[in-house]
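Good morning. Please keep the structure open while I talk.

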Amino acid sequence: MVNRRKYERRLCRRIAKIQCGAGTLPRDCTVTDISEGGVKVVAEQLEIPPEFIIIFAPDHARHCRLRWRIGCEFGAEFVD
């Protein structure tokens, strides 16, 4: 199996928030791995738009683009 990732990923179990659009309330999620280029996230009962903001801390947020989704897990690339 060929690894097509550009960046090495690191496993983690970090609570974060997803903001799906301007004026929407951030929703809880769990980041299960992260790299310089993106994240893998678990978010139950959350409809994920093609682009969103993931908030790691009040002063640390990243703009993301959805790349794939299987059930409540999805991967996103950083686009900022």
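Leaving aside its neighbours within four places in sequence, Thr32 is in contact with Arg10, Leu11, Cys12, Arg13, Lys40, Val41 and Val42. Before I go on, note that this is a predicted model. Thr32 itself sits in strand S2, which covers residues 27-34. Is Thr32 buried or exposed? Thr32 counts as buried because its relative accessibility is 12%, and the cut-off for buried is under 20%.

Next, Glu8. This residue is found in the segment before strand S1, and that strand is 10-19. Glu8 has a relative accessibility of 70%, so Glu8 counts as exposed. Which residues does Glu8 touch, if we do not count those up to four places away in sequence? They are Ile34 and Ser35. For a sense of distance, take Glu8 and Pro50, which are 42 residues apart along the chain. Their C-alpha atoms are separated by 24 Å.

Last, the cysteines. How many disulfides does the structure hold? The number is zero. Take Cys20: the closest cysteine sulfur belongs to Cys29, and at 9.5 Å from the sulfur of Cys20 that is too far for a bond. The reasoning needs one cut-off: a disulfide requires two cysteine sulfur atoms within 2.5 Å. Cys72 is in no disulfide either, and the nearest cysteine sulfur, again that of Cys29, is 12 Å away.

As for accessibility, Cys20 is at 25% and therefore counts as partly exposed. Cys72, at 29%, also counts as partly exposed.

That is my list. Questions, please.

How values were computed:
Residues are numbered from 1 along each chain as its sequence is written. This is a predicted model: local features need pLDDT of at least 70, side-chain atom pairs count only at pLDDT 80 or more; totals for chains, interfaces and linings use all residues. Side-chain values use heavy atoms; hydrogens and water are left out. Helices (H or I, at least four residues) and strands (E, at least two) are DSSP runs, numbered from the N terminus. Buried means under 20% relative accessible area, exposed over 50%, partly exposed in between (1.4 Å probe, protein chains only). Contact means heavy atoms within 4.5 Å.
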